[in-house]
Amino acid sequence: MMNRDAIAKSIETQLDLNQDSKVLVVGLGATGFSVAKFLSFLSIPFAVIDSRDKPPLNDALLADYPDTPVFTGGFDAAAFDVATHLIVSPGVSLQEKSIQQALGLGAKLASDIDLFACSTSKPIVAITGSNGKSTVTTMLGVMGNASGVKTAIGGNLGTPALDLLDDTVELYAIELSSFQLERVSVLNATVATVLNVSEDHLDRHNGVQGYAKEKQKIFAGNGVMVLNEDDEIVKKMQCDGRNVEFFSVQKKIGFHLQKKQGEIWLMNHDEPIMRQQELPLEGLHNVANALAALAMGSAVGLNTDAMCNALRKFKGLSHRMQRVADVKGVAWINDSKATNIGACVAALQGYQDKVILIAGGDAKGADMNDLVPMLKEKTKSVVLMGKDADRIDAAINGCVPTYKVENVKQAVQLAATLVAEGDSVLLSPACASIDQYKNYQDRGDKFTTAVMELVA
């Protein structure tokens, strides 16, 4: 059982938050509900507010905490006026007028990640980046458990961080988004990384530099910095006086690739630790992910042999370069989790032969011209769908053949008429799914269903 008194003291010391505070939890999704459970555990008074008429966890909250004041259907100024602290879920913009007014009147901003960081003395490995963070977080989890270290994974990936807290856990691997990092103040991770930075969420951040600035907050504190030597923006995040480790698929530095006796090896500095061909995942970007995970695992003392054995068995994540089927010699690949340009580029880079790409959705303000050079190099044709299909088509401007459809099912049906034996059809949208689907998982599931109908 967690030591409630010790946690309460830590939170009061670091966040000025105690049983005399009045906390407003803004947003009633999975994160907001986890905060409600945690505050109830500490007997800290709170209310909940959500702009939606019926938030997804409204009934569950009222069932478990029936005395909690809950405001829905908008942001009532009166609820914000009495709050001493705001804990704002990542899905809610901090630029909301009610939030800005409350902060201007002296309310303090905290986050579920702040509460989490205050509540454990166990090592935290914090992972962010435009692409690959879910894969690397999951890799680290299986590496830790394979090393005999009880490792919990979550955060932006799956389980909210506060729901992971358990005295039996020996290591936390936490994925953090830019939205989570922009509202974090006390994170001091034992090891932290920014895997890469490419255009994403520009509709919520002030350009790429503003986005990168939020990512860089993961390095607050004095832990080990793990940096991608191949990413110019990430390299510049290095801080003087800090313990730094690098990973690279291009240069011989830190955790890198090197050819030895006709084979390419993953290296820990001068020590060969694993053959590249033993990695079961496709694409050079997944080699970079493995090197990053090895660098972080080594920094927290995980056993090298156990980490490599875990990587040999690692099959990847659903909706991330997932081979759905082979139909008449054509490979159908679900990379629906590629919700930005960088993720799509990374997926395409992994192919030697040209592919038929299915792309489109909500571009979130990104400049689609940045995608065009890779499309020229790696695609036979592009099937476009969703809200920003016309924008992507305008950027392509005829340099590869394009086709427009209404949805992912139609995209699969059309792609099936374009393929020849030996081709690959890749769903890697370079866009968010929210214009047409519940989330990227829903989009990927619809793709899988459509492909399986072809098989039938």
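These legends describe close-up views of one predicted model.

Residues are numbered from 1 along each chain as its sequence is written, and side-chain values use heavy atoms, with hydrogens and water left out. Local features need pLDDT of at least 70 and side-chain atom pairs count only at pLDDT 80 or more, while totals for chains, interfaces and linings use all residues.

**View 1**
Strand β6 spans residues 124–128. Helices (H or I, at least four residues) and strands (E, at least two) are DSSP runs, numbered from the N terminus. Five of the five residues in β6 are buried. Buried means under 20% relative accessible area, exposed over 50%, and partly exposed in between, with a 1.4 Å probe and protein chains only. In a regular strand the side chains alternate between the two faces of the sheet. Ile124, Ala126 and Thr128 sit on one side of β6, Val125 and Ile127 on the other, and both faces are covered. Two strands pair if DSSP finds at least two bridges between them. β6 pairs in the parallel sense with strand β8 (residues 171–175) over four bridges. Ile127 has Glu175 of β8 as its bridge partner. Strand β9 (residues 191–194) also runs parallel to β6, joined by four bridges. Here Ala126 stands opposite Ala192.

**View 1. Ile218 and the nonpolar cores.**
A nonpolar core is a set of buried Ala, Val, Leu, Ile, Met, Phe, Trp, Tyr and Cys residues joined through side-chain atoms within 4.5 Å. The largest one has 55 residues. Ile11, Leu115, Tyr172, Leu187 and Ile218 have the most contacts inside this core. What does Ile218 contact, leaving aside its neighbours within four places in sequence? Its partners include Ala126, Ile127 and Thr128, along with Leu176, Leu181 and Leu187. Ala192, Thr193 and Val194 are also in contact with Ile218. Contact means heavy atoms within 4.5 Å. Another core, of 35 residues, lies apart from the largest one; Ala173, Val287, Leu294 and Cys308 are among its members.

**View 2. Helix α16, with a buried face.**
Helix α16 covers residues 389–396. Ala389, Ile392, Ala395 and Ile396 are its buried residues. The buried residues pack against β17 (355–360), α15 (372–378), β18 (379–385) and β19 (402–404). Asp390 and Ala394 are exposed on the other side of α16. Just after the helix, Asn397 takes a positive phi of about 50°.

**View 3. Salt bridges across the chain.**
Side chains of opposite charge can pair when their charged atoms come close. A salt bridge is a side-chain nitrogen of Lys or Arg within 4 Å of a carboxyl oxygen of Asp or Glu. The whole structure holds 20 of them. Lys217 and Glu214 form one at 2.9 Å, N to O. Glu214 is buried at 14% relative accessible area, while Lys217 is partly exposed at 30%.

Arg275 is partly exposed at 29%, and Glu263 is partly exposed at 26%. These two side chains form a salt bridge, with the closest N and O atoms 3.0 Å apart. Glu263 lies in strand β13 (residues 263–268) and Arg275 in strand β14 (residues 271–275), so the pair ties together parts that are twelve residues apart in sequence.

Arg312 meets Glu278 at 2.7 Å, N to O. This pair links distant parts of the chain, 34 residues apart: Arg312 is in helix α13 (residues 304–313), and Glu278 is in the loop between β14 and α12 (284–299).

A disulfide is a covalent bond between the sulfur atoms of two cysteines. The criterion is a pair of cysteine sulfur atoms within 2.5 Å. A search of the whole structure finds zero disulfides. Cys344 is buried at 0% relative accessibility. Cys431 is buried, with a relative accessible area of 0%.
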